[in-house]
2 protein chains.
Amino acid sequence: MPDQPSKLRARRRAETQRTVQAHAVRLFTEHGYDATTVVDVAEAAGMSPMTVYRHFPTKEDLVLVDEYGALVAERIAAQPAAQPPIRRIGNALVDSAATLTGRDRGQGPSASEEFLLARLRLMISTQALRARHLDNHYVLQQAIVDALGCDTTDPDTVFRAQVAASACLAAMHTALVRWVEDDGRTELSAVIAKALAAAFGEAAVDSVGTGPYA
Amino acid sequence: MPDQPSKLRARRRAETQRTVQAHAVRLFTEHGYDATTVVDVAEAAGMSPMTVYRHFPTKEDLVLVDEYGALVAERIAAQPAAQPPIRRIGNALVDSAATLTGRDRGQGPSASEEFLLARLRLMISTQALRARHLDNHYVLQQAIVDALGCDTTDPDTVFRAQVAASACLAAMHTALVRWVEDDGRTELSAVIAKALAAAFGEAAVDSVGTGPYA
DNA sequence: ACCCCGATGTTAGTTACTACCAATCTGGTA
DNA sequence: TACCAGATTGGTAGTAACTAACATCGGGGT
């Protein structure tokens with residue numbers, strides 16, 4: 001059963017990855033992304049540069065790991081197909097953000113949220129990271145269009161879905177920037193909902209401020 | 001008068017830049033962006049690699065020169081401020097595209113348009129170029145928000161403007177991709193107008209299909 | 001005619017990343 | 001327990017995108 005290689009291997013692997021990433025983000029934040037070399041990260045994590053490259057194909061990936069994409073695509077497919085695309089995408093984005101940051105009743109950012117914030121700060125302020133982050137949206141856009149499962153024989157429908165997806169993601173990204181500028185004090189899902197409403201009108205999200213709280 | 005250094009210098013400079021860029025885009029298209037080195041480009045253009053770097057700070061800039069940004073920002077400011085931001089931005093995007101491709105009555109793509117198409121094809125298919133191109137949108141977004149000249153003391157207004165700008169640019173980018181997939185046979189400004197209408201409703205653009213033709 | 005500055009070239013160095021091979025360590029199995 | 005297979009790690013060498021510092025050359029304006 002090579003499908004499940006003992007799981008212990010996988011756990012150790014995931015653990016070292018987290019370790020390396022934590023050191024990387026810390027060093028990047030302290031001394032700047034460009035001023036920090038991969039060798040520096042390797043030394044801090046106590047391993048050879050080669051090993052770092054084995055876990056993260058590029059230096060940028062040390063910051064960019066994306067757990068959000070799969071979540072969104074999954075939720076899109078789960079939405080009723082009757083609603084307009086923008087609404088479906090918007091709901092999926094808001095829900096996914098709520099799940100990801102999953103914060104209980106207005107307390108401050110948790111530890112994992114602080115890490116997310118640190119990563120986002122880097123992604124926004126560093127050109128190379130910002131560029132690749134936006135390119136990830138490009139991939140996510142395709143995933144969303146696929147998940148919408150619209151009639152692929154009609155090129156016009158596909159086009160509209162692509163436009164909806166890219167516009168929603170752009171609005172979400174702006175919300176993300178805003179959230180980071182506010183140091184995560186507000187609630188991410190609410191900021192996203194506000195952004196979507198600003199772009200597409202109130203009809204874009206089920207209802208602003210709903211969700212697990214309300 | 002060092003402000004206007006004889007103009008002849010500037011013209012020669014611009015000319016060599018065009019030469020280098022033409023060779024670069026040709027080589028990139030023929031052999032692939034990643035498979036072509038800057039040294040290859042320099043040899044093709046008949047100069048040393050250093051000179052190439054003097055004219056284009058990075059390899060990516062050989063493809064990415066952006067003449068669009070200034071055009072858009074300028075047209076935004078020229079629009080009546082009474083209209084909603086999305087409409088103002090949408091009109092500016094459509095008008096700028098029409099100016100840029102400036103084609104007379106449905107003939108095929110001109111020579112300069114072929115060049116634009118080649119560059120866009122590279123920007124879309126090559127990851128590094130795609131990423132930096134999207135990052136340029138990020139800069140353009142700021143320029144648009146500034147050009148809108150909204151009340152900067154109210155953070156909410158600024159946020160809405162940012163959302164509007166990023167969403168419009170995303171829709172325009174999708175239109176761009178579509179246009180390239182169609183090998184520029186349709187009219188770029190019309191595709192952009194269609195994308196904006198799909199995202200924000202018919203109210204987004206003054207009227208689809210208007211402009212210098214209609 | 002002269003001088004000055006901008007454009008070009010050369011060299012040497014840094015850094016991200018890759019290919020290849022060797023060593024080692026782990027986890028399950030006979 | 002002893003062992004095998006495969007996963008993980010490490011080292012070396014190489015490529016390619018840049019950067020810095022310095023020399024050179026040629027054209028333009030005074």
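The paragraphs below go through a predicted model, starting with a whole chain and ending with single residues.

Chain A contains 10 helices and zero strands. Read from one end of the sequence to the other, the pattern of chain A is α-α-α-α-α-α-α-α-α-α. The chain has 214 residues, and 47% of them count as buried. Chain A exposes about 10,700 Å², of which carbon and sulfur atoms supply 54%. Contacts can also be sorted by how far apart the partners lie in sequence. Among the contacts in chain A with a separation of 6 or more, 66% are between residues 24 or more positions apart.

Next comes the relation between the chains.

Helix α6, residues 85–101, packs with helix α9, residues 155–181, at an angle of about 35 degrees, and their axes are 9 Å apart. The crossing of α6(A) and α9(A) is right-handed. On the side of α6(A), the contact is made by A:Pro85, A:Ile86, A:Ile89 and A:Leu93, while α9(A) brings A:Ala164, A:Ala165, A:Cys168, A:Leu169 and A:Met172.

In chain B, helix α6 covers residues 85–101 and includes B:Asn91. Is B:Asn91 buried or exposed? Its relative accessibility is 5%, and buried means under 20%, so B:Asn91 counts as buried. Apart from neighbours within four places in sequence, B:Asn91 is in contact with B:Gln79, B:Gln83, B:Val205 and B:Asp206.

B:Pro49 gives a second case, in helix α3 (residues 49–55) of chain B. Its relative accessibility is 34%, which lies between the limits of 20% for buried and 50% for exposed, so B:Pro49 counts as partly exposed. With neighbours within four places in sequence left aside, B:Pro49 is in contact with B:Val39 and B:Ala42. From B:Pro49 to B:Thr37 there are 12 residues in sequence, and the C-alpha atoms of the two are 9.8 Å apart in space.

Conventions
Residues numbered from 1 in each chain as written. Chains lettered and ligands numbered in written order. Predicted model: local features only at pLDDT ≥ 70, side-chain atom pairs only at ≥ 80, totals over all residues. Heavy atoms only, no water. Helix = DSSP H or I, 4+ residues; strand = E, 2+ residues; numbered from the N terminus. Buried < 20%, exposed > 50% of the residue type's maximum accessible area, 1.4 Å probe, protein only. Contact = heavy atoms within 4.5 Å. Axes fitted to C-alpha atoms, helices over the stretch in contact; angles between N-to-C directions. Left-handed = near helix turned anticlockwise from the far one by under 90°. Areas by Shrake-Rupley, 256 points an atom, 1.4 Å probe, with all protein chains shown as cover.
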